[in-house]
Amino acid sequence: MTPAAQHHPSQHAPELRAVARHIGRRRFLTVTGAAAALAFAVDLPAAGTASAAELDAARITEDPFTLGVASGDPLPGSVLLWTRLAPAPYQPDSGLPAERVTVHWELAHDDRFRRVVGRGTVTAHPEYHHAVHVEVGGLAPDRVFHYRFKVGSWISETGRTRTAPAPGARVSALTLAAVSCQAYHDGYFTAYRHLAEEDVDVVFHLGDYLYEYAVSSVGGARNYTDRTLPDLFNHETTTLEDYRLRYALYKSDPDLRAAHAAHPFAVTWDDHETENNYADDIDENDDPPEEFLLRRAAAYRAYWENQPLRRAQLPVGPDAQLYRRLGWGRLAQFDILDTRQYRSDQAYGDGSHVPGPESDDPARTITGATQERWLIDGWRDSRALWNVVPQQVTFAQRKLDLNPVAKVSMDAWDGYRASRQRILAGARSTGTENLMVLTGDVHVGYAFDILDDFDDPASAVLGTEIVATSITSGKDGSDRPANWATYTQANPHLKFYNGRRGYVTVELGRETARADFRTVSAVTTPGAPVTTAASFVTEVGDQGLKQA
């Protein structure tokens, strides 16, 4: 999310408009209609992935692993391994013909691959832009593994991943990291270089992995002097080719590659992976929904192709099941939300506004009814000590001024207060204790207590919210932004506010959780050191953040 919405004239590609004219909304919102529309729009062969010829890997003369390796969504007996072949990542075809490629994978206990656990082959299909997603099962729980890929004579870098503990295991501790908002054109991914060296079990990416905005030949604020980026990045992404190329730019960054190789990621999107501030099938320019859904289909497909996601998350046209649940023994349950795909349109034309009948309409939702029920049902069934909700936009009340009735963000949960009330009622009714919400979006670090009644500072603390600042978005930032005094005075439940770039690490234990806000001093120049801006703890059975 950007602090202020950037409005652009309609830039949808001609092929999107052409399809939209021929496919009405009702037909589009069927699976077959959506699939046909996407195939038409992006020229995918309708015959499916088996139709392409096979490429002799010996013909690949340049390193195909320019985008690195990744792993994701650790389960007790399974890991998900990812790579995408791209000998020429800044070309639309990535330097490969439209042919299938056989990719070898290997998983081992050690990084020298002397104790191999499993190996096999997988096909990189041109229809998926030569991305591979390998689900390796039958593994022991709570173990660290190393993995790599091979194509012809080329061997990838080695990645490190792990399985989750068994469902009933009494785990003593877990360390996670939370990251968000990494506009390439706003600076260097220095924070990722530091995160790669941290000892964490899993990284949660809370959205805005990619930005749709143009990236100039000097990489925007990176201001390159040693390279010139191709002109094909210097426009907003609208088509599948655009989104695929933009992922290639981001994932070729060495700091991001290092973080992915070091840790498994669990990812969810916010808005910029598709378009700023969209809500369900409504874009920020109020284009026809059927036209925007074609763009959304392209964005969702490119997201899946370029992320370490399992087959269950593969989109069908403009729809994808991204909300999902991960467990960490009896210690933690993670309910990963999607607050973009199903939400009601932002009230009062988006932006900031005082709450009113439009924003407080109980029919409005930020999660959709199905996902809301899924979350509360999951809490009812949870046997975990900590119930953690990785999601996108600020959950706690955040008054933006000191007026008697303050403005709040219409894009955050403040713009969907009935949704928030239902979620908190669900936490109370299910006896959900030790609730922690993980948030991105706002390009600052916050630490909130989640109150039963946000307008009564003395009301019960139901949980905590840890907001991870951006990796780069907002450029260098400052320790105390201009509105620091206003926000801290207007929101007594806000215990910390910092405007530098970085990430958060959270250690969940049997008695306490500890959050460390890790920040870097600059991102517009490379190589800044990392420091801990502040640390907070909250106790099991006695929620509320205290400075460590």
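**Close-up views of a predicted model**

**View 1. Glutamate 157 and arginine 257 meet in a salt bridge.** Their closest N and O atoms are 2.3 Å apart; a salt bridge here is a side-chain nitrogen of Lys or Arg within 4 Å of a carboxyl oxygen of Asp or Glu. Glutamate 157 sits in the loop between β7 (154-155) and β8 (159-162) and arginine 257 in helix α6, so the pair ties together parts that are 100 residues apart in sequence. (Helices, H or I with at least four residues, and strands, E with at least two, are DSSP runs numbered from the N terminus.) At 26% relative accessibility, glutamate 157 is partly exposed; that label falls between buried (under 20% relative accessible area) and exposed (over 50%), using a 1.4 Å probe and protein chains only.

A quick note on the model: it's predicted, so local features need pLDDT of at least 70 and side-chain atom pairs count only at pLDDT 80 or more, while totals for chains, interfaces and linings use all residues. Residues are numbered from 1 along each chain as its sequence is written, and side-chain values use heavy atoms, with hydrogens and water left out.

**View 2. Arginine 325 and aspartate 335 form a salt bridge.** Here the N to O distance is 2.4 Å. Arginine 325 belongs to strand β12 (residues 324-328) and aspartate 335 to strand β13, 10 residues apart.

**View 3. Strand β15 (residues 386-390) is mostly covered.** Of its 5 residues, 5 are buried. Trp386, Val388 and Pro390 point one way, and Asn387 and Val389 the other. β15 runs parallel to β13 (residues 332-336), joined by 3 bridges, and parallel to β17 (residues 435-439), joined by 4 bridges; strands pair if DSSP finds at least two bridges between them. Look for alanine 332 opposite tryptophan 386 and valine 388 opposite methionine 436.

**View 4. Serine 470 is tucked into a loop as a buried residue.** The loop runs between β19 (461-467) and β20 (477-478), and serine 470 has 0% relative accessibility. Its side chain makes a polar contact of 2.6 Å with the side chain of arginine 501. (A polar contact is a pair of N or O atoms within 3.5 Å; within protein, one must be able to donate a hydrogen and the other to accept it, and residues adjacent in sequence count only if both atoms are side-chain atoms.)
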